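Here is a short report on a few local features.

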Amino acid sequence: DVKAVPMEKEDSLKDNFVILTTGRMCKEKSQIVLLKAIAKSKYNDKIQLVIAGHGPLKQKLIRYSKKHLKNQPIMRYFSREDMLKLLNSADLYAHPAEVELEGIAVLEAVVCGLVPIVSDSSKSATKNFALGKNNIFIKNNSLDLKDKIEYWIEHPEEKAKAKEEYIKFGKQFNQDDCMNQMERIFEEVLSKKQTEILDGNGQRV
């Protein structure tokens, strides 16, 4: 059910540059790095951060945001329907996690054409989704993340091009395509095995 579809922002978000991030609010997901990046940005008053999730560090993130962010982040769980709306209407997807084994959340974002900025952490699989230098930042470096965010704010035409690139990139992860590839692999393996058990006259050994 995850796919790129034209979607307008909700009225309450239309005047803001919406950055979406998802994941449990805990140390290894490094949401504080993203908050610090926004706090340091000259576009602090323009950015609306949405954190989809919950976790033990939520109150710490709220306290920091109240002190340093002009627009308080929206922090909560979202229904599947609302999550798909966000994936298709947000301006940017940020994934600052230092530890990320699967990267499913980032995968869903790029399938929707949502341009990502991910950490270059060696413990994170999401760095493989960076198609350009402005899609990746130095892990735990809020200044570098700030610079990448500001780049995309200041270059909307480049962001539009990147969106199309990510939609094309995401098509390789389409479920139907993956199943077709698996079927071809099984057919090749079975064909090879059948060939191996036949002698030169086409008789089974």
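Where is the place of K9? K9 sits in the segment before β1. This is a predicted model: local features need pLDDT of at least 70, side-chain atom pairs count only at pLDDT 80 or more, and totals for chains, interfaces and linings use all residues. Residues are numbered from 1 along each chain as its sequence is written, and side-chain values use heavy atoms, with hydrogens and water left out.

**K9**

K9 is buried, with a relative accessible area of 17%. Buried means under 20% relative accessible area, exposed over 50%, and partly exposed in between (1.4 Å probe, protein chains only). The K9 side chain makes a polar contact with the side chain of D91, at 2.6 Å. A polar atom of the K9 side chain also lies 2.6 Å from the backbone oxygen of N16. A polar contact is a pair of N or O atoms within 3.5 Å; within protein, one must be able to donate a hydrogen and the other to accept it, and residues adjacent in sequence count only if both atoms are side-chain atoms. Leaving aside residues up to four places away in sequence, K9 touches K14, N16, F17, V18, S89 and D91. Contact here means heavy atoms within 4.5 Å.

Most residues other than glycine have a negative phi.

Helices (H or I, at least four residues) and strands (E, at least two) are DSSP runs, numbered from the N terminus.

**Helix α5 and its partner**

At the start of α5, a side-chain oxygen of N141 reaches to within 3.2 Å of the backbone nitrogen of L143. Helix α5 has 13 residues and spans 18 Å from its first C-alpha to its last, close to the 18 Å expected at 1.5 Å a residue. The expected span is 1.5 Å times one less than the number of residues. Buried residues of α5 include L145, I149, W152 and I153.

How do α5 and α6 cross, and at roughly what angle? The axes of α5 (residues 142-154) and α6 (residues 156-170) come within 5 Å and cross at roughly 95°. The two helices are therefore roughly perpendicular to each other, a term for angles of 65 to 115 degrees. Y151, W152, I153 and E154 of α5 meet P156, E158, K159 and A162 of α6.

Notes: Axes are lines fitted to C-alpha atoms, for helices over the stretch in contact, and angles run from 0 to 180 degrees between N-to-C directions. Angles under 35 degrees count as roughly parallel, over 145 as roughly antiparallel, 65 to 115 as roughly perpendicular and the rest as oblique.
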